[in-house]
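Open your viewer and keep the selection panel at hand. We will walk through one structure, stop by stop.

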Amino acid sequence: MSGLAIDDAAWASAWRPRSPGDKVLVSLGLVFSALLLPVWPGSVLVGLVAVGLALGPARVPARTFGRAVRAPLAFIAIGALTTVVEVGGGGVGWAPDAAARAGSLVGHAVAGSAAVLLLATTTPLSDLLPALQRLRVPAAVIEVASVTYRMLFVLLTSLRTIREAQTARMGYAGLRHSYRSSGALAAAVLTRSWDRARRLQEGLAGRGLETGLRVLPETLPASRRFEAASVLGLAALTAVSLVVAR
Amino acid sequence: MSHLTLAGTGLVVGYDRSRPVLDGASLTVAPGRRLAVLGANGSGKTTLLRCLSGALAPARGRVTLDGAELRHTRAGLRAHRQAVQLVLQDPDDQLFSASVAQDVSFGPVNLELPEAEVRARVAEALDLLSVTHLAGRPTHQLSYGERKRVAIAGAVAMRPCVLLLDEPTAGLDPTAVGEALAALSRLQEADSTVVMSTHDVDLALRWADEVAVVVDGGVVQGRPDVVLGDDVLLARARLDRPWALTVGARLQALGLLPGGALPRDADALVAALPDSPGVRAC
Amino acid sequence: MSHLTLAGTGLVVGYDRSRPVLDGASLTVAPGRRLAVLGANGSGKTTLLRCLSGALAPARGRVTLDGAELRHTRAGLRAHRQAVQLVLQDPDDQLFSASVAQDVSFGPVNLELPEAEVRARVAEALDLLSVTHLAGRPTHQLSYGERKRVAIAGAVAMRPCVLLLDEPTAGLDPTAVGEALAALSRLQEADSTVVMSTHDVDLALRWADEVAVVVDGGVVQGRPDVVLGDDVLLARARLDRPWALTVGARLQALGLLPGGALPRDADALVAALPDSPGVRAC
Amino acid sequence: MHIAEGFLPPAHAIGWTVAAAPFVVHGARCVVREVRENPESTLLLGAAGAFTFVLSALKLPSVTGSSSHPTGTGLGAVLFRPPVMALLGTIVLLFQALLLAHGGLTTLGANAFSMAVVGPWVGYGAYRLTRRLGGGLLPAVFAAMALSDLSTYVTTALQLAWAHPDAESGFLGAAVKFLGVFAVTQVPLAIGEGLLGVLLFRVLTVNARPELERLGVL
């Protein structure tokens, strides 16, 4: 496997054959709902729906999703805590509405992160990048990003293997050695990236690189039913949130 | 795909170094015949293939396709590449796309073919290399052997008359080597001429109709059993004599194998041995 | 360098995937013996070596050095790495310093050895691998075969009791393979136990005192001519039968080779054949 | 340090996107022009993007015990110039959001502003200034990498303070809080990243001279 759990999940997801546009619709709809709707019950509902869709119909492994959700949690916790600690003339203390403010911030952030993850764990980046053309992102930029996507796995493998080789020869025993090894590792991966680019250029020349990196677009047809269900679901979620919040 | 004769004549490459990599190398790729290009690491095998493919312009000498000389102009190279394709040793040097099918489509799309034709060629190439089941898989999840076959499919989708492969079996286990050779046979049946470079003399003897040994900047071309039985040449080329020739020659001298061409692999040799000793000893 | 017995028992790796890579693999590396680990691509050869070297902690099972179990703690790994070194297949993954001598010194310097001792170890390692003449050269200017030998020198400078090599001959031409094998023999004479992984069955038969075939997540260990003559096992492991066993067995049946162990390579086989047919046929 | 999804109020998310957009669009124009002239530079730029992404998987040991990831944008700015880094940095941030769950989509603009715009420009400025003042390559690289990391962190802290001002002491109080909280990890990291740069360039000047010359660094 590639070693990036979210990417592995995206390729294996039951939603992989769905049109990226459809998945962007439901995920971004949820992201905006998480941001705009009142935290109770809006964010809670968004979080539940995102997790439910990912683990249910999209069949993303719960372990992968759980681990991925944990990544931003440290930032969210420290950030929220910092916000509600008050620094005033009287020293440090809790803000008067600490619980509510922290709850709101954590709610929006966790729900939003879960909604982004729904997209990330069901849609490989390489499906998403061509869709950026509709946002008038130039083809050259999309091609650069696509090469980035392909090449990062090659370089990630190099990074891990070289680090393992360094570790075997005690490269990370002690702080000073660790820094020296990290510097050498970064330099090795950087020169490797240049070498890769040069060799890829040679490798592709025979198939006509001079006209750019055009390939046959993959057609993942949109589903009207899926889109209608997404819009209706998002509308219902909004309605419920607004009614309950009032 | 018509059959064309690809040839390099008096190729000189790397003249600014003290010793040129190729120094007057000549090679003829006869249509429909299996040619193995042999040589030690650094002998210039890859350089020779790159010259023949048009990827590298030799300092001197010429590359011809049915007598017509390759010109290193945009149009000249474009025409040449439609007839001759080179597959590099490391598949990661050729796979730039995350999706297998898209990577294979790169060449046909650049030929400005209509979409239906591109799809047909991709499907055909994936089928010839037996990798149709990988079409939807991301490149970075494939094994080394799978990536090698997909890289070959990318070249095959250009429907070349001559397919040049640099070490297509390097790093593959015996079963994967067998699968790769079977795929090359299918390509031949689909009317491509296949040339592979290797330093595995046993494989070359078994597979090739003809071998070309790259040595001291030149090329010695001929029948596998003759060229690979020439110990002086092999020593100069830093290659070993195939075991089948060593053992076969001895068994022939003992009268245990019939005269003429020696068996090329273990199974053929065992099959050619008499049922009991001394039968052919006369 | 004292001789220690390295062993893995009941190793399980990759439990969260549908099929584990290793599923109860056990292997004993006897001191001073040449062990070849055989297996198809993706069979788990490399994973096994990584477990034995301590680079990978198995989900279950244990790795022992003279009976003492390897603990994946800082101190445990430190001690293990001084005794066991793994050389990876791609030399470029191991060469990260500017010059050859600098790269080989990486391990000894990290061991905080005095400078004179570091110098001595570097000189010794370069000498054992016959690459002393390359000491001052930048690593990226070396040929593939040279890079492979320098990468081995880097591990040798750690003075390991057991040296594990992943495919040390892959990608090398016959002469370079010969040089690599000669270097491994010198290491053995310098009291290191050498283990190599390969999928070249002919090489394994020729070189090893003992072979271990990685198949279906387990390991079958034994005498080369016995294990590599087991056609059922070889088919399961996606390996070929060495030609010398196929041809040798037939010649033995014909009475042309003496009974007992079969010759392991072409020269030995030719030498063992009678001067005229039928001599041993009785 | 990336601002997580949902952590910025909508107005701020939009505001920072608008603020970062001109820089990213300018970077995209440079890239489009470059690619039109040399189609193969797509591969070099993609490799640079991949390297920047992979660098964030490099764990830097820190004196405080915790380990952190370098941003790598200072290095990118020295090698590929800030306009290109504005685009590559944004691509990398998008990748980090979708492949690693670091950062977010509505916070992409704010993160791009701090990491792909402020960091590279400050780093590049520090690099040019050090070299003009007669500093050698290595001090200049140290300054570029340490200061681009530091300025990214300061910008992020200020963005957070602006979005979530302290109830009593307002923006300033919040700024002090956020700068203080994240200083624990970010200041050692900035120094660490500077050191990493020096060690990296020491190897590069031997192993990759031609590339550095081509990029105009040597």
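Predicted model: local features only at pLDDT ≥ 70, side-chain atom pairs only at ≥ 80, totals over all residues.

**Stop 1: chain A.** Select residues 5–123 together with 219–245 and colour them. That is domain 1 of chain A. Now select 135–206 in another colour. This stretch is domain 2 of chain A. How many Å separate the centres of domain 1 and domain 2 of chain A? Taken over C-alpha atoms, the centres are 32 Å apart.

**Stop 2: the sheet in chain C.** Switch to chain C and show the strands. Four of them form an open sheet. Read across in the order β2-β1-β4-β5. The pairing is antiparallel. Which strands are at the edges? They are β2 (22–29) and β5 (68–69) of chain C, and each pairs on one side only.

In general, strands of a sheet pair through backbone hydrogen bonds.

Select β4 of chain C, residues 60–65. Two bridges join β4(C) to β5(C). These two strands run antiparallel. Pick T64(C) and look across to β5(C): E69(C) stands opposite.

**Stop 3: the helix over the strands.** Select residues 45–53 of chain C. This is helix α1, which lies across β1 (6–13), β2 and β4 of chain C. Helix α1(C) runs at about 120° to β1(C).

**Stop 4: chains B and C.** Show both chains. A rotation of 180°, with 0.1 Å of shift along its axis, superposes chain B on chain C. The RMSD is 0.2 Å. The two copies are therefore related as by a two-fold rotation axis.

Now select the interface residues of chain B. Of these, 100% are also interface residues in chain C, so the copies meet through the same surface.

Technical notes
Residues numbered from 1 in each chain as written. Chains lettered and ligands numbered in written order. Heavy atoms only, no water. Domains from an automatic or database assignment. Pairing = 2+ DSSP bridges. Helix = DSSP H or I, 4+ residues; strand = E, 2+ residues; numbered from the N terminus. Contact = heavy atoms within 4.5 Å. Axes fitted to C-alpha atoms, helices over the stretch in contact; angles between N-to-C directions. Least-squares fit on C-alpha atoms with pLDDT ≥ 70 in both.
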